[in-house]
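Hi,

Here is the structure I promised to pass on. Have a look at it first, and my notes follow below.

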Amino acid sequence: MPHDHIGSPGGPGRLEPREALSHTGRATAASVAVALVLTITKGIVWYLSGSVALLASAADSLLDLTASLTVYFSVRYAAEPADAEHRFGHGKAEAFAGILQAILVAVSAALLVREGIAHLIEPQPIEASGWALGVMGLSIALTLVLLIVQTRALEKTGSIAVEGDRAHYFSDLGSNVAVIAGIAGATLLGWLWLDAVAALGVAAWLGWTAWGVARGAGNQLMDRELPEEERDRIMHIAAEDPRIINIHQLRTRAAGPLLHIQFHMALKPDMSLRDAHSILVDCERRILAAWPAADIIIHADPHGAAEPHGAEFFKGDDPVEAHDP
């Protein structure tokens with residue numbers, strides 16, 4: 001199930017967008033290839049066997065193919081540089097891809113519930129069970145390889161789109177085991193109802209996965225803050241210069257491979273504009289050394305002489321005092 005990864009070692013901002021794309025691009029291309037192979041093979045064997053559990057798995061693979069194609073294009077679009085219409089870049093394209101994945105998975109789960117209940121009421125015999133078990137074994141093998149590729153890409157980039165796709169295939173791995181159990185039980189033990197129960201189990205798993213993917217994508221679309229430990233690290237890196245009195249009103253948000261950071265910096269009120277600018281530039285460079293794909297906005301305040309300013313609704317954090325590096 002997806003988790004909040006935006007503060008992980010491979011989170012947004014850790015790599016330049018093009019470098020991140022080199023990792024996510026390989027993972028998404030592999031995802032498309034695996035989904036295409038599995039959709040075709042499962043479709044053929046379902047036609048031969050008539051297994052509703054295998055039909056469930058084939059339908060899931062077809063949706064995986066659609067979602068994987070969406071992710072394939074979204075990570076490339078998200079890595080495009082900012083332009084006149086999108087001054088903050090295109091990073092949220094990954095979150096939109098995650099929402100689409102969640103919708104597709106939820107629809108798939110609903111359809112499988114209907115089919116599973118129908119076959120539970122009227123169980124159907126399964127033909128060509130050997131072929132059915134064989135294609136499911138192939139599915140498990142290819143899915144395991146793909147998960148390794150996706151996990152490596154996720155560790156490097158923290159991509160919400162790749163994480164959603166990986167969650168999709170983790171659910172596939174579990175559903176494939178359930179399908180094998182259903183087919184084996186129906187053919188070896190004569191429990192025809194087990195095939196339908198396996199389909200319902202797949203549907204439940206997909207529904208849970210849809211919720212996890214939607215939650216992770218929604219966090220980015222709603223500009224959720226980074227985890228506290230990541231925010232603390234940003235503030236302490238920013239405050240390493242002893243000429244800075246404190247750092248306050250930090251705001252952060254992730255957008256695909258990008259990270260947006262803004263905060264206020266208290267400086268001596270009699271400092272020249274040139275000196276203040278030099279301090280701000282040095283601070284930006286320290287942050288960029290840790291987050292090369294960060295978009296940073298720093299507002300300088302004359303300490304003790306600044307009027308209250310900013311939106312009323314914003315609740316700032318306690319300032320972080322400067323310290324020697």
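**Where α7 meets α8**

R233, I237 and A238 in α7 touch C283, R286, I287 and A290 in α8, with contact meaning heavy atoms within 4.5 Å. Those residues split into 5 nonpolar, no polar and 2 charged (Ala, Val, Leu, Ile, Met, Phe, Trp, Tyr, Cys and Pro count as nonpolar, Asp, Glu, Lys and Arg as charged, the others, Gly among them, as polar).

Before going on: this is a predicted model, where local features need pLDDT of at least 70 and side-chain atom pairs pLDDT 80 or more, while totals for chains, interfaces and linings use all residues. Residues are numbered from 1 along each chain as its sequence is written, and side-chain values use heavy atoms, leaving out hydrogens and water.

Helix α7 covers residues 228–238 and helix α8 residues 273–290 (helices are DSSP runs of H or I, at least four residues, strands runs of E, at least two, numbered from the N terminus). Their axes are 9 Å apart, at an angle of about 140° (lines fitted to C-alpha atoms over the stretch in contact, with angles from 0 to 180 degrees between N-to-C directions).

The largest nonpolar core has 24 residues, and I247, I261, F263, M265, I287 and W291 touch the most other members. A core here is a set of buried Ala, Val, Leu, Ile, Met, Phe, Trp, Tyr and Cys residues joined through side-chain atoms within 4.5 Å; buried means under 20% relative accessible area, exposed over 50%, partly exposed in between (1.4 Å probe, protein chains only). Helix α8 gives this core its largest share, 6 residues. A second, separate core of 10 residues includes V34, A35, L147 and L173.

Finally, A20 sits in helix α1 and is buried at 6%.

Cheers
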